[in-house]
Amino acid sequence: MVERLKYIAGFFLAPKAGPVPHLKGALNYLLVCVIIIFLFWLSLSAISVTFNFSFLDFYGKRIWDGFVLTIQLSASSLIISLILGALVAAGQSTRILPLRYLCDVYVKIIRGTPLIVQIYLFFYIIGTAWGIDNRFIAGVFILSIFEGAYIAEIIRGGYLSLDSTQLEAACSVGFTKKQTLRYVVLPQMITRTLPALTGQFANVIKDSSLLSIIAVIEMTQALREISATTFQLFECYLLLGALYLCLTLPITFASRLFEKRFNYALKT
Amino acid sequence: MHLRLENISKHFNGTEVLRQVCLADEIGKLAIVGPSGSGKTTLLRIIGGLLQPSEGHVFVDGSRVDYSENKLPHYRAGLGYVFQQNGLFHHLSARKNIALPLQVVHGVSEEESLERAQLLLERFGLVHEGDKLPAQLSGGQQQRAALARAIAASPKLVLLDEPTSALDPEYTNEVLDVINDLGKTGIRFIIVTHEMGFARHACDNLLFLYGGELLEYGTSSALFENPRTLQLQRFLSKLLEWRV
């Protein structure tokens, strides 16, 4: 009896060392998914909800437009925030003090306040004052400033984690500062920060949903509007969640892949 | 190669690490020895142009080393340097570690630099390790690859900063043998080491640092057989205490 129990329990346990066998992994993964779906279904039946996705036929085009806009917003913001983040990370170690402190203050304020506050303040004060009334541009601008602070920290962390001997070695072979940056610092930084930066892209996509509050009609706003007219709240948000997962899951996967591939500290 | 150190001093945040070190001699195979914290590595880094002395000047073959930021890369490029550990670029294979500085710093074509890297890998017993990353090499192999990189551009002097301190005894001997062979082929080097046997038998000259001061300098045999200062006598007797 005990033997049999042990045998069954063994199915749920990872081996003490080494990778999980494929079949065992897949079946356990499936089990987790089934449990989640079951709990979700249980909750739904408790409040006796039935789904009706018929609105998709009518609003499909609007949802698709929102989906595309979310991708456009996120991609543009990612590029701009990468540039901004790199500049700020460099600025944080400059010898020009006003610039260094400006970068420092920027990172502290942005990371210390909720995105929703920044969106309102930027859009209604700065946007109005400077005449930025294109909501897409304002949205990209705000999101880039927000994500830029996080990316600056990722890049700075990547630089700090460089082994000081590596920089000395670069000096010792006669590299100039520029050559050190190009042949040693950048390649090592890219491999170190790429997993985190990829993960940050998933955050950009999710954070872009908050731009719905200034009526940028991206995916969230599109589905909010649809739910307001169709009253199919559950269906709309369920779909919304699924669509975000479609975007973020592949990115998470890529991030993991980079992590494995560039981990040259590990012996392979 | 003639090296002259003129009143070299170095302090870090008020702590004096080197005091008025003077030396003028032809460098062939020189070992710098002394207790931990005596300033050996600091002196080597100053000679190698990795650190600027607080006071004093270094002259190599009669010309003064200019420690300004734009002159140093050229000076360093004429030397080879091996660190205690982690001196190889983590992201490059052993082969690329050797070839890249040749291309970038010394203007050698890619093809020729790879050929030269291959010859060096063969010479240092790393034929099968050429395409491995440093993390995939053993400690001894890493240091041999670092040595290969250091001599690749035929430097006028190779500086070795405790190249075996991070290795276990087997690898230590393997690396010391390689350095000894290099010395025999006429490569000039300065080695900071705790390997007294090597300092005594493989090096012509010995420099003894103690508390940041140069206490003794002379031929290895003379210093080992006839230490003049009490500090060197003590230092040597302590090291010999546990000899098998």
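**Close-ups of chains A and B**

**View 1. Where chain B meets chain A.** The contact draws on 25 residues of chain B and 23 residues of chain A, with contact meaning heavy atoms within 4.5 Å. B:Phe89, B:His90 and B:His91 are the ones in chain B that lose the most area to chain A, together 27% of what that side buries. Between them, chain B and chain A bury about 2100 Å², and 62% of it is on carbon and sulfur atoms. Buried area here is the accessible area (1.4 Å probe) that two parts lose on being put together, summed over both.

A quick note before the next views: this is a predicted model, where local features need pLDDT of at least 70, side-chain atom pairs count only at pLDDT 80 or more, and totals for chains, interfaces and linings use all residues. Residues are numbered from 1 along each chain as its sequence is written, chains are lettered from A and ligands numbered from 1 in the order in which they are written, and side-chain values use heavy atoms, with hydrogens and water left out.

**View 2. A salt bridge across the interface.** How many salt bridges are there between chain B and chain A? The count is one: A:Glu168 pairs with B:Arg45, and their closest N and O atoms are 2.1 Å apart. A salt bridge is a side-chain nitrogen of Lys or Arg within 4 Å of a carboxyl oxygen of Asp or Glu. Side chains of opposite charge can pair when their charged atoms come close.

View 3. The elements of chain B that give two or more residues to the side touching chain A are α2 (72-77), β6 (79-82) and α3 (94-104). Helices (H or I, at least four residues) and strands (E, at least two) are DSSP runs, numbered from the N terminus. The residues on this side of chain B divide into 15 nonpolar, six polar and four charged.

**View 4. Chain B as a whole.** Chain B has nine helices and ten strands. Its radius of gyration is 18 Å, close to the 18 Å that the globule rule gives for 244 residues, so chain B is as compact as a globular protein of that length. That radius is taken over C-alpha atoms, and the globule rule is 2.2 Å times the number of residues to the power 0.38. Along its principal axes, the C-alpha trace of chain B spans about 55 × 45 × 35 Å.

**View 5. Chain A and one of its helices.** Chain A comes to ten helices and zero strands. The radius of gyration of chain A is 24 Å, well over the 18 Å that the globule rule gives for 268 residues, so chain A is more spread out than a compact globule. Zoom in on helix α6 (residues 135-160) of chain A and you'll find A:Arg156 and A:Glu153, three residues apart, about one turn of the helix. A:Arg156 forms a salt bridge with A:Glu153, with the closest N and O atoms 3.3 Å apart.

Methods. Ala, Val, Leu, Ile, Met, Phe, Trp, Tyr, Cys and Pro count as nonpolar, Asp, Glu, Lys and Arg as charged, and the others, Gly among them, as polar.
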